[in-house]
Amino acid sequence: MLSQPISVRFDLGDGREVFIETGKLARQADGAVTVRQGNCVLLATVVANKEPKEGQDFFPLSVDYQEKFASAGRIPGSFFKREARLNDYEILTSRLIDRALRPLFPEDYLCDVQVLVSLISSDEEVMPDSLACLAASAALAVSDIPIKEIISEVRIGRIGGKYIINPTRSQLKESELEFLIAATEKNLMMVEGEAKECAEADLVKALQIAHDAIRIQIKAQEELRAKKGVTTKRDYKKPEQDEAIQQQVIAFAKDRVYEISKRGSSKSERSEAYSALKDELIASLGEEATDLQKKLAKKYYEDLKWEVVRNMMIDDRIRLDGRKLDEVRPLAMEVEPLPTPHGSALFTRGETQSLTTVTFGTKLDELLVESAAKSEYTKFLLHYNFPPFSTGEVKMMRGVGRREVGHGNLAMRSLKQMMPDTSTYAYTVRVVSDILESNGSSSMATVCAGSLALMDAGVPVPKHVSGVAMGLVTREDGKYAILTDILGDEDHLGDMDFKVTGTRDGICGVQMDIKVDGLSMEVMMEALEQARKGRLHILDAMYECMPAPRPEVKPHAPRMIKLIIDKEFIGAVIGPGGKVIQEIQRETGATVNIEEVGNTGEVSIFSASKDSLDKAVSWIKGITATPEVGDVYEGPVKGIKEFGAFIEFMPGKQGLLHISEISWKRLESMEGLFKEGDMVKVKLVGVDPKTGKFKLSRKVLMPKPEHKPKDGAENAEA
């Protein structure tokens, strides 16, 4: 007999209910739930192996979030018409879930765990990524997989000064900030998002409001777990331990690790010294040491390094490279290191270096961002590349990894805040950051190099954006150390790793992972203030290098102008079957794109030549200009009839020059007066109110004779 589904509900506010259900779908998984808000339904499943793989010494957690196109009544646009590899949005959502879940598992738990979250029904207004981590956590909560705590995650926005939990898609477009925040009942776990230059205090307030909402969701999960009757978690095989080997490692290496760590040496020198000490340590175990003992000694050695370096930072206020806690490494930067790209910059901070380029494109170069719920184009692209040589390693080049997608997204969200309005700025802009060297945050180097490159390219960004990676090391006795501009070696040592980007006036982007219990808001504010000072220090150097955007794009860069025309002129610019727009492009060499936006038409004109661009602009302005009665024009003869000639007095606009308006003299025939292509100066003297046809006159531009001419003089006069 089938068991009955179990469900709970909670309110997000404003009457928006969320339902969590288990026991109906995917019942062979260790844990499975559906989460529903409106028409949005997510299915989350979790399965864990009962035993770890032989010799495994790390926690293999895999998280995949995928949106089924059927959820929105759509068929995928790929060649195979099926969901394929995860797109960037799905990868980013998977990373957000992973970063929040990973700290929940015991440190000695090494079994494979797979978390799958799928969007199976879509709602136009509900953002599914803000419910995905809730679904994953609920699936773990109702399973017997060992986790230390339950978590949840919400998105918070602010519209008109009011903070909103899980804003709708429509609301998010008007929001001044957007942060995704994950937390346990007591502690924040993860923060990621962007803002239009918000203050540090605004971020802290958003965290507090979001945490209150998360606590409600955690209580709902606890209620669901209780209803299902999950009271105990499964036992698991713990890794081998050897206390005697551990004490031997501490006695042999502790003081020497400290001596190496406090030298203030470079990354390569420090790595060589640590490696040599490890070899000595293994040799000191003697030939009788087993492979397991050697493996454990290496693990205990890494644990010892972690502890010694953390204590050194807290007690001695000394860092691995000899810097002060709040000191930024030496900066070096230049713009236009490359001659051909439309914009470029080289940014170096210590042993981290980004070479970033900017390329201009047209409307045709926009990126289609497609998900189950929507398809839209974006005109600002940022791609981040992290080749293995940047860390002195040899690795297979297998395309862009999840880390590169995540780091590039943080830089893109930060720089996007200063980009000009896409409704008036015609260019598609692609920024590419190639990391040439890395020891510390290369995503923050990307933000700085990207800002410099945008100004070098002549993009009218109003302010520079910089970023700095921070670390926090805490101890049970309440002592702590906040680190500015962390090294790669310091990155995994900290209890809070966070990256903050922004201008002189506020925060533009945040990425934060918190691993410590009971982090107070006072320490958080202190860390954010120290990050602000580091950010301003870097900004000062950036403004000294490139104080403002170039007034115009470089001579070899394509030029683009956007014209806004009345909707009624769109057809005239395109012409029958595209005849007119094709002629403009053929004759001028410019690329012309036109689209209808509301009651107007947006015409984007793109060319590498200024003369070509000016010619196309003049042509289109002529087509879209409104003829004014009384104005004088000059245009070619397009046709000749017995009653007059048709003159194209403006591009795409013809009027009749009647035989009686050619001359003050009476003309009997049009014969011999004009031929097609002749340029004739005319005046617009009227518009037929019924037909809209234009009436032209040539004679009004000629002196009116005072006396009646002699017979036969008309033709001579004409």
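Residues are numbered from 1 along each chain as its sequence is written. The model is predicted, with local features requiring pLDDT of at least 70 and side-chain atom pairs pLDDT 80 or more, while totals for chains, interfaces and linings use all residues, and side-chain values rest on heavy atoms, without hydrogens and water.

Confidence comes first. The mean pLDDT (the predictor's confidence in each residue, from 0 to 100) is 91 for the chain, and 98% of the residues score at least 70. Among the helices and strands (DSSP runs numbered from the N terminus, H or I of at least four residues for helices and E of at least two for strands), strand β4 (residues 40–48) has the highest confidence, at 98, and helix α15 (residues 713–717) the lowest, at a mean of 46. Over residues 712–718 pLDDT stays under 50, and the model has 9 contacts (heavy atoms within 4.5 Å) beyond four places in sequence for this stretch.

Five strands form an open sheet in the order β11-β12-β13-β17-β16, with mixed pairing; two strands pair if DSSP finds at least two bridges between them. At the edges are β11 (331–335) and β16 (380–385), each of which pairs on one side only. Direction ignored, neighbouring strands are turned by 15 degrees against each other on average; axes are lines fitted to C-alpha atoms, for helices over the stretch in contact, and angles run from 0 to 180 degrees between N-to-C directions. Strands β11 and β12 (residues 343–349) run antiparallel and are joined by 5 bridges, and M333 has F347 in β12 as its bridge partner. Helix α9 (residues 442–457) packs on this sheet, where it touches β11, β12, β13 (352–361), β16 and β17 (428–437), and its direction makes about 145 degrees with that of β12.

In helix α11 (residues 521–545) sits R535, which is buried at 1% relative accessibility. Leaving aside residues up to four places away in sequence, R535 touches E200, S466, V468, V500, T501, G502, T503, G506 and I507.

K81 belongs to the loop between β5 (61–67) and α1 (88–101) and is partly exposed, with a relative accessible area of 49%. D485, in the loop between β19 (480–484) and α10 (488–491), is buried at 1%.

Finally, the aromatic rings. Rings of Phe, Tyr and Trp (its six-membered ring) pair if their centres lie within 6.5 Å, with planes under 30 degrees apart counted as stacked, over 60 as edge-to-face and the rest as tilted. The count comes to 12 aromatic pairs. Y109 and Y236 have ring centres 5.0 Å apart and planes at 85 degrees, so this pair is edge-to-face. Y109 lies in the loop between α1 and β6 (113–121) and Y236 in the loop between α4 (200–228) and α5 (243–261), so the pair ties together parts 127 residues apart in sequence. Y109 is buried at 0% relative accessibility, and Y236 is buried at 16%. Ring pairs also link F59, F105, Y109 and Y236 into a cluster.

Methods. Buried means under 20% relative accessible area, exposed over 50%, partly exposed in between (1.4 Å probe, protein chains only).
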